[in-house]
Amino acid sequence: MKASRIERSHSIPPSHAEEGNERAAQVRGGPDWVRIRTDFPLLARSVHGKPLVYLDSANTSQKPHQVIEAVDRFYREHNANVSRAVHQLGSESTALYEGARNKLASFLNVHRNELVLTSGTTQAINLVAYSYALPKLKSGEAILVTTMEHHANIVPWQLVCERIGTQLKVAPITESGELIVEKFVEALTGEVKLACVTHVSNVLGTVNPVRELARECRRRGIPILIDGSQAAPHLPLDIASIGCDFYCITGHKMCGPTGTGALWAKREHLQAMPPCFGGGEMIREVKFSGTTFADPPHKFEAGTPNIAGFAGLGAAVDYLQDIGMTNIAARERELLDYATQALQQVPGLRLIGTAPDKAAVISFLIDGVHAHDLATLLDQEGIALRSGHHCAHPLMQFYGVPATARASLAFWNTTEEIDVLVAAIARVRKLLA
Ligand code: PMP
């Protein structure tokens, strides 16, 4: 790790046990998690008079000061529109925006020209729906999704299906929240022209075997889109080695600003796809008799983009890479194991999603306690966790519940915070159950 980026004075005193563990990790050469936590200014605040315990990273991540300062610096020192101006500020702004594309491309191991910058995963998936599926698919054909998809990977396909007369097929999962791979493969029949699968479930934490799924799709000549919203912040990613056709990410879950994200697509798809939005920035020449378009990825980036946001996302990618995604994944696995064990001790608590290969997302129910009541009372204790359907109605229907509580962890969380959560849940349970 580059000390210059991470170096900061402590503002949150660690517990002695925590400090001991972290020092031991450092001696073994691991990142200094106690110091890293101090990069996040918001984590030092209190809520309702209690220290904030932020357990909602699957919803959106907190931002390190390096990212906040990059956005601030953009407006203070460089602000101008991209690509249009020849003046110095315009060049600096363009360099920051295109620099973010380069950084993301290297982070994901793809070519920069195959990376379309978007406002997030929702826009990325809709871009594929309207520029790829809508012009290409025909009535009677099908799109395959899975039971565990986020609405962002269901509703765009439903909208497209309605317009074309295409069918939406669903590959099932087990009670423990694992995709049934044989059923997914069985569902890859001749009429399926696109498969769409999340890499990591935002509710269950399940990590899907995307390489295997992509291989099965390739064997049958079926393109596959992977929703990487919950994978990019937590796992080392190498999109080239997955062998998929489309991969979508969102910046606000990976320490970056809201309104940033990307669609990676194979070059052949980007070349063949018509643009979805028209306007400035995406053209080569405009005449009233017709318009020719810029090459991908710019063909898909009409209008003024979120330049400040991408300056921040570039800083976020640097930040994650400095810590190292392998270190982040290992740290979050430790926290997940600790939290799972601790929560399992709470009487009446049922975990939803117990796949062996999981990211640090823990959905649960408590007998006799509504998830919203739980989250509301925990908020009074300074604990931020999400309750609800997590934009996954069909998954809630599968489990026969209206909502779950969800604690989602990030590398800056501590075992001490998990202890605070478990103790607070036990108190709420006594009060309400
Ligand atoms: N897919 C998954 C799995 C998600 O968790 C989310 C965000 N909750 C999205 C898609 C939507 O991403 P965005 O916030 O970029 O629209």
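Trainee: How much area do domain 1 and domain 2 bury between them?
Mentor: About 3,000 Å² is buried between domain 1 and domain 2, and 58% of that is on carbon and sulfur atoms. Keep in mind that this is a predicted model.

Trainee: Why give an area for that?
Mentor: The accessible area lost when parts come together is often used to state the size of an interface.

Trainee: Which residues make up domain 1 and domain 2?
Mentor: Domain 1 is 3–62 + 324–432, and domain 2 is 68–320. The contact takes 42 residues from domain 1 and 36 residues from domain 2.

Trainee: And where are their centres?
Mentor: Taken over C-alpha atoms, the centres of domain 1 and domain 2 are 28 Å apart.

Trainee: How many salt bridges cross the interface of domain 1 and domain 2?
Mentor: The rule finds one salt bridge across that interface. As for polar contacts, 21 residue pairs are counted between domain 1 and domain 2.

Trainee: Which elements supply the side of domain 1 that touches domain 2?
Mentor: At least two residues each come from α1 (3–6), α13 (325–344), β13 (349–352), β14 (361–366) and α15 (393–399). The most comes from α15, with six residues.

Trainee: Changing topic. Is Glu-417 buried or exposed?
Mentor: Glu-417 counts as buried because its relative accessibility is 6%, and the cut-off for buried is under 20%. Glu-417 lies in helix α16, residues 415–432.

Trainee: What does Glu-417 touch?
Mentor: Leaving aside neighbours within four places in sequence, Glu-417 is in contact with Arg-37, Leu-52, Val-53, Tyr-54 and Trp-412. The side chain of Glu-417 also makes a polar contact of 2.9 Å with the side chain of Asn-413.

Trainee: Now Ile-283. Which strand is Ile-283 in?
Mentor: Ile-283 is in β11, which covers residues 283–287. With a relative accessible area of 32%, Ile-283 is partly exposed.

Trainee: What is Ile-283 in contact with?
Mentor: Setting aside neighbours within four places in sequence, Ile-283 is in contact with Thr-291, Thr-292, Phe-293 and Ala-294.

Trainee: How far is Ile-283 from Asp-56?
Mentor: Their C-alpha atoms are separated by 40 Å, and Ile-283 and Asp-56 are 227 residues apart along the chain.

Key. Residues numbered from 1 in each chain as written. Predicted model: local features only at pLDDT ≥ 70, side-chain atom pairs only at ≥ 80, totals over all residues. Heavy atoms only, no water. Domains from an automatic or database assignment. Contact = heavy atoms within 4.5 Å. Buried area = accessible area lost by both parts, 1.4 Å probe. Salt bridge = Lys/Arg side-chain N within 4 Å of Asp/Glu carboxyl O. Polar contact = N/O pair within 3.5 Å; in protein donor to acceptor, adjacent residues only side chain to side chain. Helix = DSSP H or I, 4+ residues; strand = E, 2+ residues; numbered from the N terminus. Buried < 20%, exposed > 50% of the residue type's maximum accessible area, 1.4 Å probe, protein only.
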